[in-house]
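This briefing concerns the structure shown below.

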Amino acid sequence: MPPDVLACLRCAVASERNEIARQELHNICANIEEAKRRQIPICQDTGVMVVYLTLPPEIPFSAQLSDAIAEGVARATVDVPLRPNVVDPIGRHNTGTNTGQGMPAIHVQPGDRMTVTIIPKGAGSENVSRIAMLLPSQQNEIIRFVAETMLLAGGKPCPPVVLGVGIGSTFDGVAALAKEALLQPIDEMDPFEQAICDAVNRLEIGPMGLGGTTTALAVKVKKADCHTASLPVAVNVQCWACRRATETIEVP
Amino acid sequence: MDLVTPLGNEVLELRAGDRVHLSGIVYTARDEAHLRMKEEGIPFDPKGAAVYHCGPVIQNQTIIAAGPTTSARMNACSKFLIDRGVKALIGKGGMGREVAEQLFDRGVYLAFTGGCAALAASRMQLKGVYFEDLGMAEAVWAIELDQLPLVVGIDSHGGDLFDRVMRRASMRFRKMRQPKAGL
């Protein structure tokens with residue numbers, strides 16, 4: 001668990017007034033401690049691996065690199081161990097290795113150094129994520145759309161959640177932005193992110209949908225420019241187990 | 001309140017939102033186990049029993065992780081358990097209206113924190129297994145709990161905390177005025 005997520009959970013324990021919600025948050029914190037002590041996964045849904053690479057000019061994104069990442073995921077599935085979650089979408093046959101066609105999802109960006117970031121993404125929260133092709137005149141609808149996403153989700157995504165919101169780009173691009181928003185540290189929000197977070201928390205869905213003021217720990221927004229006639233918005237919901245890790249790889 | 005299985009009529013006094021600690025034997029069951037029990041019978045004494053919606057990770061007869069699974073998947077197949085005397089269903093996310101009605105005057109639904117697989121395992125000891133051929137996640141495991149902290153999600157008087165929270169959330173959403181985007 002990244003330190004910023006732990007800090008937000010501790011803040012929530014301190015500020016939450018609902019007794020049931022406080023117990024849920026205490027359970028979550030105790031669970032994280034216990035998992036750390038015993039070196040076991042925080043949650044049994046160890047997710048599917050979403051990989052973000054930055055590559056310096058001297059390292060091209062090759063089939064060899066892609067294969068190496070898949071091999072790493074397959075090895076981690078045995079060593080950690082991770083629950084094998086990757087299946088054929090129609091036949092539902094489990095590959096057993098957390099790899100398969102198009103899996104793990106790999107996103108590449110140019111950079112100065114080689115870094116690898118992994119988000120293990122659970123299904124409970126992924127399944128309630130949404131996308132909207134709003135009209136340019138519907139800017140005021142953005143906050144309502146995010147709040148409505150949580151209203152429809154209720155306790156299903158294991159709140160308190162972290163919400164990644166993508167705004168702009170294209171139909172496909174905005175979903176990617178929403179997930180990239182989840183890469184950012186969550187212990188700081190700008191006024192717009194705070195306004196969305198406050199709107200979501202006013203619903204008082206609370207931890208696990210049992211009520212309370214801690215429905216979202218944070219909202220992070222990532223924007224890109226878009227067509228003059230569109231306003232794409234996507235919400236990627238993440239459960240409290242907002243796991244992510246980045247490793248910088250020194251290239252000799 | 002401290003509860004110990006097998007449960008009796010003390011559960012009928014509970015109200016949605018009450019916090020309880022549960023000790024004693026509980027039996028895990030997910031989708032496949034429910035189907036099997038319906039066909040072949042319940043392999044444990046259902047009178048006063050507690051059924052935990054959970055697919056644990058077990059290694060060398062030790063419980064490694066045992067968080068709750070989404071209870072709503074068992075909405076359509078819980079009636080026979082309650083009819084046979086099961087007094088508590090345990091899981092996450094709440095259950096449907098039909099289950100709340102089946103629990104009326106008979107039992108309760110208890111919620112455990114989603115994702116807290118390591119915490120749950122630290123309060124558990126493995127006691128036995130039925131239907132092991134269903135695989136680790138789907139088998140019925142007999143597990144002894146030591147004070148697992150739970151919340152009464154649905155009581156035996158028709159009270160449903162999940163339903164109450166979501167009704168209020170809907171009302172608050174409808175009242176939400178359209179705020180400025182402020183981009």
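Two residues are in contact if their C-beta atoms, placed from the backbone, lie within 7 Å. The model discussed here is predicted. On that criterion, 43 residues from chain A and 36 residues from chain B take part in the contact.

**Side of chain A that touches chain B**
- At least two residues of this side come from each of α2 (19-38), α5 (141-153) and α7 (191-201) of chain A.
- The most is given by α2(A), with 10 residues.
- By residue class, this side of chain A comprises 24 nonpolar, 11 polar and 8 charged residues.

**Largest nonpolar core**
- The largest nonpolar core holds 118 residues, of which L163(A), V165(A), V200(A), V51(B), I90(B) and L110(B) touch the most other members.
- Strand β9 (residues 140-154) of chain B provides the largest share of this core, 9 residues.
- Because domain 1 (48-121) and domain 2 (124-238) of chain A both give residues to this core, the core lies between them.
- Leaving aside residues up to four places away in sequence, L110(B) touches V20(B), L22(B), A88(B), I90(B), L150(B), V151(B), V152(B) and G153(B).

**Overall form of chain A**
- Chain A contains 7 helices and 8 strands.
- Its radius of gyration is 19 Å, close to the 18 Å that the globule rule gives for 252 residues, so chain A is as compact as a globular protein of that length.
- The C-alpha trace of chain A spans about 50 × 50 × 40 Å along its principal axes.
- Of the 252 residues of chain A, 43% count as buried.
- Among contacts in chain A between residues at least 6 apart in sequence, 79% link residues at least 24 apart.

Note on methods: Residues are numbered from 1 along each chain as its sequence is written. Chains are lettered from A and ligands numbered from 1 in the order in which they are written. This is a predicted model: local features need pLDDT of at least 70, side-chain atom pairs count only at pLDDT 80 or more; totals for chains, interfaces and linings use all residues. Helices (H or I, at least four residues) and strands (E, at least two) are DSSP runs, numbered from the N terminus. Ala, Val, Leu, Ile, Met, Phe, Trp, Tyr, Cys and Pro count as nonpolar, Asp, Glu, Lys and Arg as charged, and the others, Gly among them, as polar. A nonpolar core is a set of buried Ala, Val, Leu, Ile, Met, Phe, Trp, Tyr and Cys residues joined through C-beta atoms within 7 Å. A residue is buried if 20 or more other C-beta atoms lie within 10 Å of its own, exposed if 12 or fewer, and partly exposed in between; C-beta atoms are placed from the backbone. Domain bounds come from an automatic or database domain assignment. The radius of gyration is taken over C-alpha atoms; the globule rule is 2.2 Å times the number of residues to the power 0.38.
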